[in-house]
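Dear colleague,

I am passing on a structure that I have been going through, and I would be glad if you could look at it alongside the notes below.

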Amino acid sequence: MGLALKALTKSPWVFHVSAGSCNNCDIEILDCLCPRFDIERLGAVLVGSVRHADALLVTGAMNRKAAVRVKKLYEQAAKPCLVIAVGTCACGQGIFRDSYAMTTPLDEVLPGAVAAYVPGCPPKPEAIILGVVKALKTLQGSAND
Amino acid sequence: MTEDVVSAIRERLGAKLQDVNVRSPRRVYLDVRPEDLTEVADELFNGMGARYAIASGMQTADGFEVLHHFAFDSDHVVVSVRVRSGPDEPRFDSLAPIIKGAEFIEREMRDLLGIEFQGHPNPTRLILSDDWPDGVYPLRRGKPWEGTVRKEI
Amino acid sequence: MRSIVSIGPFHPLQEEPELFRLHVDGETVVDVDIEIGYNHRGIEKICESKTFDQVPFVVERICGICSTSHPIAYVQAVEDIADVEVPERALYIRSVIAELERLHSHLLWVGLAGHFLGYNTVFMWAWKYREPVLDMCEELTGNRNNYAMIKVGGVRRDLDESQFPGVLDRLDELRSKLEMLAGAVTDDPVLHARLKGVGILTPEAAHDYGALGPTVRASGLPLDVRRDDPYAAYDRVDWDVATADSCDVFGRTVVRVLECLEAIKIIRQCLEGMPEGEIDAHVKEIPPGEGIGHGEAPRGETLHYVRSDGTNRPVRHKARAPTFMNLPTCRETVVGESVTDATIILASVDPCYSCTERMGAYDARSGERVLSSKDLIRLSQERTAQLRKEIGA
């Protein structure tokens, strides 16, 4: 494994984007930063620009307006950039699947990019952290450890 | 109290009211001709100081209907003012010139139901995405977007 | 303390529209455009294809942090149509859940406000004390959010009374922390300098826009659905409407902290006075008609209008969240103010948290973007640091 990739898996820089979510998942992601869960002790950092991101946490069911911007953001991110679908909406649109306001699901807007699906409404912070860890392990080819 | 509010409304607006339905102690519905809407709303909002809570529009079997909901908080009653139109080109006076709180909801009804609000200061798209075609109103009966709007962005 | 805790959803490109587009002349905001629609999910249309009993699951997801207030407003609209008498015990349970939600919602806001102002310890502190509240929600209802407790005619599950003493103990502990926070806020000269006289919303403007919740109560208007159109158990327990007269961001902060204390008071009385009996009126049919239900969410009145035609689905369902009325007030509160205060003023109406992250400042003459939301937050934090030096606090 190259040096860059090794650095990536030790200290993932994570960018968070909402594609029209109710905010529950977004709040639980923020919760990961806070004293009880504290992802910073795992080296994970929430960054302010997608250009610095190793992983993209996406929430929301892909509302048409927001989905365009998610796509543009992913295109700006340096690759490899792992996309992690957080919450049932991001995984498969859930109850919003047939809504006129939605486009296709995340993994069709960004085909091949989604490394992990973390279902839940919202998923608990522990589940989100596990999702990030599992996604990172896919880079090492050991996702099922 | 509701009775006081209802009598005051009748006194001030009598002839303008097609119907007054005291549905329950806390819910009153007034039916009004579209040409009288602004005057009635003005009296409730400015004359009587009611709070503008929201409006709800819908397509009915006969056409369209908009309900503007006014809350008389200290009297513990919500008074809703109803205007109706026929099925073609639904159009009502905008309340936005006298009630700033009505601006957004009228734009939303325009987006989702295709109702025009005459005199609205900014009758532009509010919540539908930029790529959504004109003339497709999702809250109208059935699924007006099917066959017209591509799912993919 | 790390300064890269930028919580933003996007770092927008130059030409991308933000939610709040501030037009600035030098340091002053001269105009603001608001663009919404990023969260539009077509919920009202979805509800027309659901049965009356399925709808609460949909509306619970309108807003994650006002999760209970939408189901409460909706079921009350349906109960209004059918003249349902909800059993006492269910009314008390509804209030308990709603007040627990108010508590963790306001604590979330206090944390975010702390972050925007550069008080990152407040952010960590507030979110730390949210956790026990979320734990209590999980113990009592089964989930940290999206409790699925509210149904037409009552509540879906009963509460386990053996859990009450543990809940009351943790609320007592939280109350002493909140009293400490209230003291800290009212005593801090830097916070006074940052928040007093900032983001003024006059009572006249509040009326004009239909402002709601702490936003309007801080302008001296004691509007609160729990008092004005009592529902759940609010007219059966003792509590006060929190108001302030200052019309500014400081007032909105004080109101929210006071409401946390009132929430604890309400929950205590509901748990201690919980009546025995049924939790569900077992409503079988909804007759044709129309109904309005509203509740006091943490952000203000949530109002739902439902029309039925005698079938088992609503023929029309209008759901209006409080932020819809509060957002446009920023035209009054942020115009004329400095860009350093823009973030906290916009945050003071407590929109969905990610909304405040989507701001940009544009030069009023050239139209060029001059500041991103990250810049605006940083300016706000720097202003606090500068004031701390000047005031010597």
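What follows is a summary of what was found, taken chain by chain and then contact by contact.

Please keep in mind throughout that this is a predicted model.

Beginning with chain A, the secondary structure comes to 6 helices and 5 strands, and these follow the pattern α-β-α-β-β-α-β-α-α-β-α when read along the sequence. Of the 145 residues in chain A, 57% are buried, and among contacts in this chain with a separation of 6 or more, 80% are between residues 24 or more positions apart.

Chain B has 3 helices and 7 strands, running α-β-β-α-β-β-β-β-α-β from the N terminus on. Its C-alpha atoms fill a box of roughly 55 × 30 × 25 Å along the principal axes. Buried residues make up 43% of the 153 residues in chain B, and of the contacts in chain B with a separation of 6 or more, 49% involve residues 24 or more positions apart.

One element of chain B deserves a separate paragraph, namely helix H3 (residues 103-113). Because 10 of its 11 residues are buried, H3(B) is largely enclosed by the rest of the structure. The buried residues of H3(B) include charged side chains such as Glu103(B), Glu106(B), Arg107(B), Glu108(B), Arg110(B) and Asp111(B), as well as Phe104(B), Ile105(B), Met109(B) and Leu112(B). They pack against strands E3 (51-59), E4 (64-72) and E7 (116-118) of chain B, together with H12 of chain C. After H3(B) comes Gly114(B), whose phi is positive, near 75 degrees.

As for chains A and C, 37 residues of chain A are in contact with 36 residues of chain C. Strand E1 (13-18), helix H2 (24-31), strand E2 (45-46) and helix H3 (64-76) of chain A each give at least two residues to the side that touches chain C, and the residues on that side of chain A are 21 nonpolar, 9 polar and 7 charged.

Within chain C, helices H4 (residues 88-117) and H11 (residues 249-272) pack with their axes 9 Å apart, at an angle of about 155 degrees. Since angles over 145 degrees count as roughly antiparallel, H4(C) and H11(C) are therefore roughly antiparallel to each other, and H4(C) passes H11(C) in a left-handed crossing. Among the residues that meet there are Leu100(C), Leu103(C) and Trp109(C) from H4(C), and Ala263(C), Ile266(C) and Ile267(C) from H11(C). By class, this contact has 13 nonpolar, 3 polar and 4 charged residues.

Lastly, the largest nonpolar core has 219 residues, of which Leu56(A), Val58(A), Val83(A), Ile84(A), Ala85(A) and Val79(B) touch the most other members. H4(C) gives the largest share of this core, 17 residues. Leaving aside residues up to four places away in sequence, Leu56(A) touches Phe15(A), Val17(A), Val50(A), Tyr74(A), Ala77(A), Cys81(A), Val83(A) and Ile84(A).

With best regards

Note on methods: Residues are numbered from 1 along each chain as its sequence is written. Chains are lettered from A and ligands numbered from 1 in the order in which they are written. This is a predicted model: local features need pLDDT of at least 70, side-chain atom pairs count only at pLDDT 80 or more; totals for chains, interfaces and linings use all residues. Two residues are in contact if their C-beta atoms, placed from the backbone, lie within 7 Å. Helices (H or I, at least four residues) and strands (E, at least two) are DSSP runs, numbered from the N terminus. Axes are lines fitted to C-alpha atoms, for helices over the stretch in contact, and angles run from 0 to 180 degrees between N-to-C directions. Angles under 35 degrees count as roughly parallel, over 145 as roughly antiparallel, 65 to 115 as roughly perpendicular and the rest as oblique. A crossing is left-handed if the near helix is turned anticlockwise from the far one by less than a right angle, and right-handed if clockwise. A nonpolar core is a set of buried Ala, Val, Leu, Ile, Met, Phe, Trp, Tyr and Cys residues joined through C-beta atoms within 7 Å. A residue is buried if 20 or more other C-beta atoms lie within 10 Å of its own, exposed if 12 or fewer, and partly exposed in between; C-beta atoms are placed from the backbone.
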